[in-house]
Amino acid sequence: MPEISVSKLVLRLLNIGIITLAILMTGLGVRRYRVAQLTNRSQLPAYFKAGARFPVNGLDWTMSFQTLVIVLEQSCAICSENAPFYRLIEQNRADRSRTRLVVLLGGDPDKATAYLENLQLSFDQVKLVSLRDLKPYGLVGIPTAVLVNDEGIVTNMWSGSLTELQQSEVLRALQIRVESTALKTLPSSTPPLESIDETGIQRLKEAGETVTVVDLRDRGEYSASHLAGAKNIPIDELAVRAVNELQISDMIVLFAGETPGKAYTAAAQMLSNSGFKRLRVLKTSKP
Amino acid sequence: MVRLEYDGNGKVVSVDVLEAPDSEIGGAIADAVRNWTFKPSSIRGEPVNIRGKLTFYCLIDSKGIGRVQNPKQFR
């Protein structure tokens, strides 16, 4: 065993001491920096905006690298339209420790489970909220998808009906790769409605069925011409009026004019969310 | 059914009766709504006007006394 002189031993011990001290000081410095950062974060404004603190408490951001929070409302037709895209995310995300899916759901708490089941959506966490309480925090559109990092800071946000380009952007942000055709071939959120013509309605009535034709056009168009006996509920009033003015047991036949656009899908989704299952579309362009 | 608009202070600036069982009921509801004050709305701190529709359900009992109920109560 080589001999070590006392001075060398002292020098070596001194070096070890200096290195230990340096490690300790670095550790303390890093810790102080982290504390300062955390303090700053808690002082960030709570808002629906990139760079702000997510304004809803009770969500654990540390469970995954990032969380996609989707804000939905039970009577919102666009929420239902986006449902197939949310399902695509759910089915293609790599693992839950990377991306958690959370929904903030507004509307009747008693119907929340049925609503999500109806849209075949499953999330890691569902939190029932009053959307009115979120509006002061800058929530301007529903649905809204908010990407939040593991420190609770909003990193990105998308509102309303998503274009294919926006859907691609969401998938990129979540690092989800799907077939190039996947977005083009997303299924409709509601199955196509069967159609029925006036003769068919008459036949059902003769068989003892109660049939209500609901004209979804605005009052001006309805006044100009409408099918005899049709009830006018403009589509923007349907969510409120249907549950009070239509009977769930009746056959509901929808009419939205010659250029219905997405009116039938939206109306069917709204009615279906309220428990109306017997729905048809009137097969005629001129009532 | 009325369509109304309120300003950034929550003051009702216009009321249109879109549908009513008769003109008296429609007029009474419009008069009542004109006296309402809404909680002011703002987007990113800027006061904004809000337009929307309100549905009222009018119930008239056997004594001829009318009551107005909101949709949730009506149901």
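This is a predicted model: local features need pLDDT of at least 70, side-chain atom pairs count only at pLDDT 80 or more; totals for chains, interfaces and linings use all residues.

Start with Arg217(A). Its relative accessibility is 10%, so Arg217(A) counts as buried. Buried here means under 20% relative accessible area, exposed over 50%, and partly exposed in between, with a 1.4 Å probe and protein chains only. The partner of Arg217(A) is Asp215(A), and their side chains meet in a salt bridge at 2.8 Å, N to O. Asp215(A) is buried as well, at 1%. The salt-bridge rule: a side-chain nitrogen of Lys or Arg within 4 Å of a carboxyl oxygen of Asp or Glu.

Residues are numbered from 1 along each chain as its sequence is written, chains are lettered from A and ligands numbered from 1 in the order in which they are written, and side-chain values use heavy atoms, with hydrogens and water left out.

How many salt bridges are there over all chains? The count is 17.

Take Glu81(A) and Lys262(A), a salt bridge at 3.5 Å, N to O. Glu81(A) sits in helix H2 (residues 77-92) of chain A, and Lys262(A) in the loop between strand E9 (251-255) and helix H9 (263-273) of chain A, so the pair ties together parts 181 residues apart in sequence. Helices (H or I, at least four residues) and strands (E, at least two) are DSSP runs, numbered from the N terminus. Glu81(A) is partly exposed at 24%. Lys262(A) is exposed at 54%.

Next, Arg280(A) and Glu194(A). Their closest N and O atoms are 3.7 Å apart, in a salt bridge. Arg280(A) is partly exposed at 21%, and Glu194(A) is exposed at 52%.

There is also a network of salt bridges. Among its members are Arg219(A), Asp236(A), Glu19(B) and Lys53(B).

Now chain B. What is the strand order in its open sheet of three strands? It runs E2-E1-E5, with antiparallel pairing. Two strands pair if DSSP finds at least two bridges between them. Strands E2 (12-17) and E5 (50-54) of chain B stand at the edges with a single partner strand each, so one side of each has no neighbour in the sheet. Strand E1 (residues 2-6) of chain B and E2(B) pair over five bridges, antiparallel. Arg3(B) stands opposite Asp16(B) in E2(B).

That's the tour. Questions welcome.
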